[in-house]
Amino acid sequence: MSFSPLPGRRSVLRGSLAASAALTLPVAAGAAPALALSGRPAAKWGVQTGDVSAHTGLVWVRSDRPARMIVETAATESFRDARRFHGPLLGAGTDFTGTTQLRGLPAGEQVHYRVLLADPDDPRRTGEPVTGTFRTASDTRRDGVRFVWSGDLAGQGWGINPEIGGYRIYDAMAALDPDFFLCSGDNIYADGPLTETVTLPDGRTWRNVTTEEKAKVAETLAEFRGNFRYNLLDEKLRAFNARIPSIIQWDDHEVTNNWFPGEIFTDTRYTEKNVDVLAARARQAFSEYFPLSTLRRPDGRIYRVQHHGPLLDVFVLDMRTHRNANSADDQTTDAQGILGREQLEWLKRELSRSRAVWKVIASDMPIGLVVADGTDGAANFEAVAQGDPGAPLGRELQIAELLRFVKHRRITGTVWLTADVHHTSAQHYDPSRAAFQDFAPFWEFVSGPLNAGAFPASALDGTFGPDRVFVKAPTASNVSPAEGYQFFGEVDIDGDSGELTVRLREQDGTVLFTKVLQPGRVGQ
């Protein structure tokens, strides 16, 4: 099948993409779309694509009843000469969600797709097609790469507020026409119930869209599924999903705050005290509601490398599933650390194999920012740093091993991106300022939240010599999205020079900070 190339690298196809996205939007949550065919399967929750490469991609949908998923792709919106992919049977076992893998796609071109849901007893009976579009990765440098990243959605009691436009940050991200969106975790707040109203400090009222599953902390599989469905009630998010592919990782709030394997709860809001039980249910719902390529593996792992042409590899970490227990983190030996030994060795191996100009390490937690875990009043730590500026201790030992490996293997073009701390900042790490000095300088950029409470800037740990060259954060805790302090980041790699430009942006797209990095360097 022949695909026509885009008319220019950054042509946004405003009219056609808007029309494609609009077809994914239901009239209202739980109501049948205006174009739905009576008694036939309907996709009320839109469509999304994920882990798109030069020649492959995943398409996701949820049906309102049992249905066979079918995906058609074409070079144009007319769907002339469409190619058909037969997907799974959608049923109650996956909450009527499903993902279909697309293969043999043309590199560096716009692909239009539509999802058909067929009656499993009569394949001729199909619901109204739901359409979307995405751009595959280019297999040449000249096109460049642009993507956006952030995290933290519907946290701290701040959900979908129609009075301020819902999740409005997604419109600003879509306006940049990125190749993909990297979500750095906290896609939901399963431990964060929502109330209908919240009184703001100035006396105004914040009004949440609410659902039954968001009335309490999530414990059952149905409640976790309901948390993921909640965000899809937002029309801006659904429109974004229909045209921008995602690369998704998870952090703690997909399960509960600051969790670690083997933890036993004392939180009185929960009747299920075993975090491993909750994590298994959350992981199933997570795998049902996002198109992730590695979930097809026997081990179903979340960490993976996503190749995006010759300019970029994205190394998606999982700092939650394989970590040791949160503690004072001052031990002088730590074999497990925050990644686990198997994931660390995988990361070193894949970094050494990568031939991409830039190697983005997508970390769901920051490296040198101190993130405390005050659960039960204990002086424990949640991320890597623990505030001791001396030689590496605890989880820092594993990061020191990785940084030393990057330096001695002369791996070029590493950049760290993260979210988690609910403010935006840029840190430069340099051995000349550090207690541990056997590494090459690097940058770490922080963004988020997408729609959650904003918090003051975290303290820095001097072990790896961070210098915070930019930060924007409130002075108070849990500042609502109505007051601002919602952020995303943009990465733009130039196809000619190979330069990588990072822009930290506010929720309306305003640029707060810009940094240009040069290719081919072990350190920056």
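Predicted model: local features only at pLDDT ≥ 70, side-chain atom pairs only at ≥ 80, totals over all residues.

Trainee: How far apart are the end C-alpha atoms of helix 7?

Mentor: Helices (H or I, at least four residues) and strands (E, at least two) are DSSP runs, numbered from the N terminus. The expected span of a helix is 1.5 Å times one less than its number of residues. Helix 7 has 13 residues (396–408) and should therefore span 18 Å, which agrees with the distance between its end C-alpha atoms, 18 Å.

Trainee: Which elements do the buried residues of helix 7 pack against?

Mentor: Buried means under 20% relative accessible area, exposed over 50%, and partly exposed in between (1.4 Å probe, protein chains only). The buried residues of helix 7 include Ile 399, Leu 402, Leu 403 and Val 406. With contact meaning heavy atoms within 4.5 Å, the buried residues of this helix pack against helix 6 (341–353), strand 19 (414–418) and strand 21 (442–446).

Trainee: Which side chain joins that of Ser 138 in a polar contact of 3.0 Å?

Mentor: Ser 138 is in the loop between strand 8 (130–135) and strand 9 (145–150), and counts as buried because its relative accessible area is 12%. A polar contact is a pair of N or O atoms within 3.5 Å; within protein, one must be able to donate a hydrogen and the other to accept it, and residues adjacent in sequence count only if both atoms are side-chain atoms. The Ser 138 side chain reaches the backbone oxygen of Thr 140 at 3.1 Å. The side chain that joins it at 3.0 Å is that of Asp 143.

Trainee: Is Asp 152 buried or exposed?

Mentor: Asp 152 lies in the loop between strand 9 and helix 2. Its phi is near 75°, a positive value in a residue other than glycine. Its relative accessibility is 0%, so Asp 152 counts as buried.

Trainee: What is the phi of Ala 154?

Mentor: Ala 154 also lies in the loop between strand 9 and helix 2. Ala 154 is buried, at a relative accessible area of 3%. Its phi is positive, though the residue is not glycine, and is near 70°.

Trainee: Which element gives the most to the lining of the largest cavity?

Mentor: On a 1 Å grid over the protein atoms alone, a cavity is a set of points where a 1.4 Å probe fits but cannot get out, and lining residues have an atom within 4 Å of a point. The largest cavity holds about 210 Å³ of space, a volume being the space filled by probe spheres set on the points. Its lining has 17 residues, with Gln 48, Asn 187, Leu 237, Asn 241 and Phe 290 nearest the centre. With three residues, the element that gives the most is helix 4.

Trainee: How many residues line the second largest cavity?

Mentor: The second largest cavity has a volume of about 50 Å³. Among the residues nearest its centre are Arg 135, Asp 177 and Arg 243. The number of residues lining this cavity is 10.

Technical notes: Residues numbered from 1 in each chain as written. Heavy atoms only, no water. 1 Å grid on protein atoms, 1.4 Å probe; cavity = no way out; pocket = protein on both sides within 12 Å on 5 of 7 lines; lining within 4 Å.
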